[in-house]
Amino acid sequence: MFDKDYLEKIKLEKEKWEEKIKGSKERDAKFVTDSEIPIKKLYTPLDVKGDYLDKVNFPGQEPYTRGVYPTMYRGKLWTMRLFSGHGTPEETNLRWKYLYENGETGFSAAVDALTFNGIDPTNSDAAPEVGTSGVPLYCIDSLFALTEDIPIDKISVALVVEPFTTAPVCAMYFNMAKMRGYDIKNLMGTTQNDILTMTVGYIPYKNSPPNHLLRIACDFIEWTVAQKNVPKWHPINFTGYNYREGGIDAVQELGFVFASACSHIDNLLERGWKIDDFVGRLAFHLAAHKDFFEEIAKYRAARRIWYKLMKDKYGVKDPKNLGFRFHVQTAGSSLTAQLPLINIVRTAIQGLEANIGGCQSLHTNSYDEAICLPSEEAALVALRTQQVIADETRITNTIDPLAGSYYVEWLTDEVEERVWKYMDKIQKVGSIDKALSSGWLYKEMRDAFHKRRVRSEKGEEITLGVNKYQVPYDTVTDVFRTSQKAIDIEVARINKLKARRDNAKLEKILDKLRSVCEKEENVMPIIMEATKEGATVGEICDIYREIWGIWEPPLAI
Amino acid sequence: MSEKKIRVLMSKPGIDGHWRGGIVVSRAIRDAGMELIFGGFQNAKQIVESAIQEDVDVLGLSIHSGAHFAYTKQVIDLLKEKGVFNDILILVGGVIPAQDFTKLKEMGVANIYGPGSMTNDIVEFIKTHLKK
């Protein structure tokens with residue numbers, strides 16, 4: 001990117017400078033990034049390789065390093081979308097409205113463990129978890145309660161459910177919207193529908209085997225976008241965030257995400273669709289972790305990698321389908337139960353990474369994240385944190401402000417190169433469902449867990465309050481608790497629905513679902529019918545279990 | 001004659017899938033030379049059955065869902081019913097607010113390990129607090 005003769009001159013001057021500082025002592029520390037990329041003490045034009053127009057170029061232009069849109073935040077700020085849900089749909093609805101009144105610009109439903117796993121609250125093994133880690137969405141009535149008085153035609157809603165329950169929960173949402181008089185062709189929103197979240201991010205409780213999960217994830221992409229039933233929906237959100245939280249590094253995060261995306265694309269191409277029929281609606285969700293510059297380099301590298309994959313591997317024609325659009329969540333695993341107020345500082349810095357890196361949407365964590373579900377006050381502080389970045393810091397004045405930094409350009413190249421290598425490694429194992437069923441991904445996760453523990457215990461990874469400036473847990477924070485009545489409320493909701501619905505008619509529809517599952521046809525049309533007639537999420541998932549079996553993940557310790 | 005290895009059962013009551021904590025502690029326990037039985041998802045009945053069958057000295061419950069009181073009570077009630085409560089050291093780990101530690105201890109939990117706990121502290125505690 002620089003004149004050759006001038007680079008020679010810089011090289012000579014650099015050698016002189018190095019001679020001058022030779023022998024000066026450095027701190028006893030490892031100068032590496034979080035993913036262990038060795039970092040030099042100084043970067044200069046000598047480290048920036050390649051041609052500007054080829055590698056960096058302008059925003060909204062190939063290879064999209066500087067951003068997917070020509071104007072980025074000068075045109076439109078990112079969406080402020082807080083992941084939120086607790087207790088009952090009614091309680092969550094109140095929290096959503098509170099955040100909306102305070103400037104939130106997108107919703108995101110955190111569901112409870114029963115909704116995640118397709119278990120009804122009548123199951124006594126699971127009942128204590130009704131509403132404890134998210135909102136319970138077990139039947140269509142729950143969706144009406146969740147969105148009451150919320151203009152779902154104007155504001156986008158993210159439904160954070162995974163392949164095992166994507167079809168029933170989203171079908172309930174679409175049916176609810178139809179009954180309210182909306183045309184679902186205009187609905188905006190996202191379904192997470194990410195196979196890796198419920199397999200390696202969390203471990204699944206009585207879900208079906210990965211090959212079926214991959215197929216039903218693709219059924220949803222096919223039905224919403226390729227077949228144009230809900231064409232403005234994002235039918236999948238590859239959520240590197242959730243496994244990054246487990247301890248893998250930035251390079252692995254992108255490796256997992258892109259390998260998974262390729263497996264889904266391949267599945268849809270095998271069904272006879274063309275890449276441009278669906279690929280523009282695929283979305284991504286990445287983490288903003290502790291290593292400030294590495295995360296920014298990661299976002300920039302991700303855009304370039306996606307562009308190359310789409311252009312070179314899949315031959316995308318429409319330029320709109322070449323851009324890597326992503327949501328970011330700050331790192332929950334970086335927060336501590338000790339010194340919880342420091343979490344506000346951590347989150348602010350991580351939010352800044354995401355915005356400097358050009359994200360389309362952002363969730364900032366609440367400072368009580370390591371202790372309990374977010375209290376109202378903590379959620380508001382989290383929202384205000386990104387509003388400070390948006391309204392007070394002026395970082396939005398210009399696009400991709402760190403481009404041209406010798407260090408950031410070098411690190412972007414370095415992350416990109418390592419991700420390509422890691423993707424090759426995954427692809428040698430096979431498609432993403434095989435990487436799961438063979439246990440390969442579980443070993444990667446296990447190694448990451450172990451590495452983090454050792455680093456933390458050796459003090460190589462410092463966490464204030466935990467392994468430096470240790471303090472006991474803080475008991476001052478007001479712990480937010482969900483309603484103890486949630487179980488009764490949700491069981492009553494299901495019983496009321498069951499009393500109202502035409503059980504004979506529903507039985508026939510569920511029988512049809514059995515046959516659709518056996519023949520491995522697209523499950524969406526019949527699940528739209530079943531949920532409209534009042535089938536619960538648990539009832540539908542029980543049919544999956546009956547036909548496809550229950551999968552025990554090959555966990556590694 | 002070699003000393004009998006300490007036997008530890010690690011279980012996840014309920015259905016919440018946050019698994020990192022349980023695996024990290026399991027690995028540390030195994031690395032410390034103890035016998036680790038990984039129960040994974042188990043309900044109270046399965047946990048107590050495994051604990052008796054495997055003749056464990058320590059039971060670790062990994063709970064991240066916020067439902068720690070309900071699940072811990074179910075397990076402890078059943079351990080008492082089967083007459084083995086006094087033989088087994090019970091530890092709970094996960095996202096547990098510090099406010100709840102006292103009540104869990106009153107219920108019969110020997111110690112609680114929240115986020116950021118050091119695994120060597122857990123190993124040390126086990127070695128010095130065995131019930132039998």
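This is a predicted model: local features need pLDDT of at least 70, side-chain atom pairs count only at pLDDT 80 or more; totals for chains, interfaces and linings use all residues.

**Chain B, then helix 4 of chain A**

Author: A compact globule of 132 residues would have a radius of gyration near 14 Å, and chain B comes out at 13 Å, which agrees. Along the principal axes, its C-alpha atoms fill a box of roughly 45 × 35 × 25 Å. Of the 132 residues in chain B, 52% are buried. Among contacts in chain B with a separation of 6 or more, 73% join residues 24 or more positions apart.

Chain B has 5 helices and 5 strands, and along the sequence they follow the pattern β-α-β-α-β-α-β-α-β-α. One residue to look at there is Asp55(B), in the loop between helix 2 (44–53) and strand 3 (58–63) of chain B. Asp55(B) has a positive phi of about 50 degrees although it is not a glycine. It has 11 C-beta neighbours inside 10 Å, so Asp55(B) counts as exposed.

Now for where the two chains meet. The contact takes 31 residues from chain B and 36 residues from chain A. On the chain B side, the elements giving two or more residues are helix 1 (20–31), strand 2 (35–42), helix 3 (68–81) and helix 5 (119–129). Helix 1 of chain B gives the most to that side, with 7 residues.

Over to chain A and the part I'd zoom in on, helix 4. Helix 4 of chain A covers residues 89–101, and at 1.5 Å a residue its 13 residues should span 18 Å; the end C-alpha atoms are 18 Å apart, so the two agree. Which residues of helix 4 of chain A are buried? They include Pro89(A), Thr92(A), Trp96(A) and Leu99(A). These residues cover an arc of only 85 degrees around the axis, so they sit on the same side of helix 4 of chain A.

After helix 4 of chain A comes Gly103(A), with a positive phi near 105 degrees.

In chain A, 9 strands form an open sheet in the order 5-4-3-2-1-9-8-7-6, with parallel pairing. Strand 5 (233–234) and strand 6 (237–239) of chain A stand at the edges with a single partner strand each, so one side of each has no neighbour in the sheet. Helix 4 of chain A packs on this sheet, touching strand 1 and strand 2 of chain A, and its direction makes about 155 degrees with that of strand 1. Elsewhere in the sheet, 3 bridges join strand 3 (residues 157–160) to strand 4 (residues 189–191) of chain A, and these run parallel. In strand 4 of chain A, Thr190(A) is the bridge partner of Ala158(A).

Two backbone details in chain A are worth a glance too. The peptide bond from Glu62(A) to Pro63(A) is cis, with omega near 0 degrees, and Pro63(A) is in the loop between helix 2 (52–55) and helix 3 (72–75) of chain A. Leu339(A) has a positive phi near 45 degrees, and it lies in the loop between strand 8 (326–330) and helix 13 (342–356) of chain A.

Methods
Residues are numbered from 1 along each chain as its sequence is written. Chains are lettered from A and ligands numbered from 1 in the order in which they are written. Helices (H or I, at least four residues) and strands (E, at least two) are DSSP runs, numbered from the N terminus. The radius of gyration is taken over C-alpha atoms; the globule rule is 2.2 Å times the number of residues to the power 0.38. A residue is buried if 20 or more other C-beta atoms lie within 10 Å of its own, exposed if 12 or fewer, and partly exposed in between; C-beta atoms are placed from the backbone. Two residues are in contact if their C-beta atoms, placed from the backbone, lie within 7 Å. The expected span of a helix is 1.5 Å times one less than its number of residues. The arc is that of the directions from the helix axis to the C-beta atoms. Two strands pair if DSSP finds at least two bridges between them. Axes are lines fitted to C-alpha atoms, for helices over the stretch in contact, and angles run from 0 to 180 degrees between N-to-C directions.
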